[in-house]
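I opened a new structure today and kept notes as I went. The sequence and model come first.

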Amino acid sequence: MRTLNEDHLEIGNMSLGWHKQPLNTSKRGGYNDQTIVEHIRNAVLMQRLPPNTKLPEITLGEVFGVSRSVVRKALTRLAAEHVINQRPNQVARVRAPTVEETRETFSARRLIEGEIVALLAGKLGTDTLATLNAQVEDEQQAYARQDEPARIEHSLTIHHLLAEHASNRILGTMLTDLILRTSIVIALYKRPTLASCYLEGDHATLMVHLAKGDAEGARQCVHDHLHSLEALLDLSPRGAETDLKAILGGKLVQA
């Protein structure tokens, strides 16, 4: 099992702690494909880029001060992460999952994560439970001070830790993918009037079930949590007229 660095956790292509990280520049002084991926992914997660927003290569090249080949590499990676749609001879767009796809994504995550926590109940070590409980407390504190980026980070960390410690590694890998997919969906379709998707007590209750070894209680807690998150979504169509330069910043902007 991998060693957990509590200050920075990276699983798959998802780098947690993103809202605190400066954008790294390439040796030539401009952005590289990794930082472009992080910048666009974060803009989507924080609801700054709505569904169907066009991402023209020329415009992105101007924004980040890089060649179109670098932009293409970044867009290919974002497409692999299900953040954008990229089709031949068409301008890339921020993903706009259909209602059916959204329902299917949440259904799949309920099945996978529910099974993972049921298998983990009563089997997590003291240190792991302490780390999870610390993240739950940090999430609550971030919500109380209205620090939504930090709250999202702690929430994601909780679920990524569950994926990392899954006794079935295949299920863990599947959950890692589904966490990002559902996070993108939530960011894209959270009701505009809703400041946060924080569900008070859900994560804390899950920790109690895991510590007690209550497999079915943990499974049901995950199911209820994800049903509640899904109910917070507004899947009606939204406009996608955006100013990429204003949202992502020009090449001289300081991160």
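The entries below follow the order in which I looked things up.

Entry 1, confidence. I noted that this is a predicted model, so I began with pLDDT. I marked residues 1-29, where the pLDDT is below 50. That stretch still has 63 contacts in the model beyond near neighbours in sequence. I also marked residues 250-255, where pLDDT stays under 50 and the model has eleven contacts beyond four places in sequence.

I looked up helix 5 (residues 126-144) and helix 6 (residues 148-164), whose axes come within 8 Å and cross at roughly 160°. Angles over 145 degrees count as roughly antiparallel, and therefore I listed helix 5 as roughly antiparallel to helix 6. The crossing is left-handed. On the helix 5 side, the contact residues include Leu-132, Val-136 and Tyr-143. On the helix 6 side, they include Ala-150, Ile-158 and Leu-161. By class, I have eight nonpolar, five polar and three charged residues in this contact.

I found two aromatic pairs in the structure. In one of them, the ring centres of Tyr-31 and Phe-64 are 5.2 Å apart and the planes stand at 90°, so I wrote the pair down as edge-to-face. Tyr-31 lies in the loop between strand 2 (14-15) and helix 1 (33-45), and Phe-64 lies in helix 2 (residues 57-64). The two are 33 residues apart, and the pair links distant parts of the chain.

Terms used. Residues numbered from 1 in each chain as written. Predicted model: local features only at pLDDT ≥ 70, side-chain atom pairs only at ≥ 80, totals over all residues. Heavy atoms only, no water. Axes fitted to C-alpha atoms, helices over the stretch in contact; angles between N-to-C directions. Helix = DSSP H or I, 4+ residues; strand = E, 2+ residues; numbered from the N terminus. Parallel < 35°, antiparallel > 145°, perpendicular 65-115°, else oblique. Left-handed = near helix turned anticlockwise from the far one by under 90°. Contact = heavy atoms within 4.5 Å. Nonpolar A, V, L, I, M, F, W, Y, C, P; charged D, E, K, R; others polar. pLDDT = per-residue confidence, 0-100. Phe/Tyr/Trp six-rings, centres within 6.5 Å; stacked < 30°, edge-to-face > 60°.
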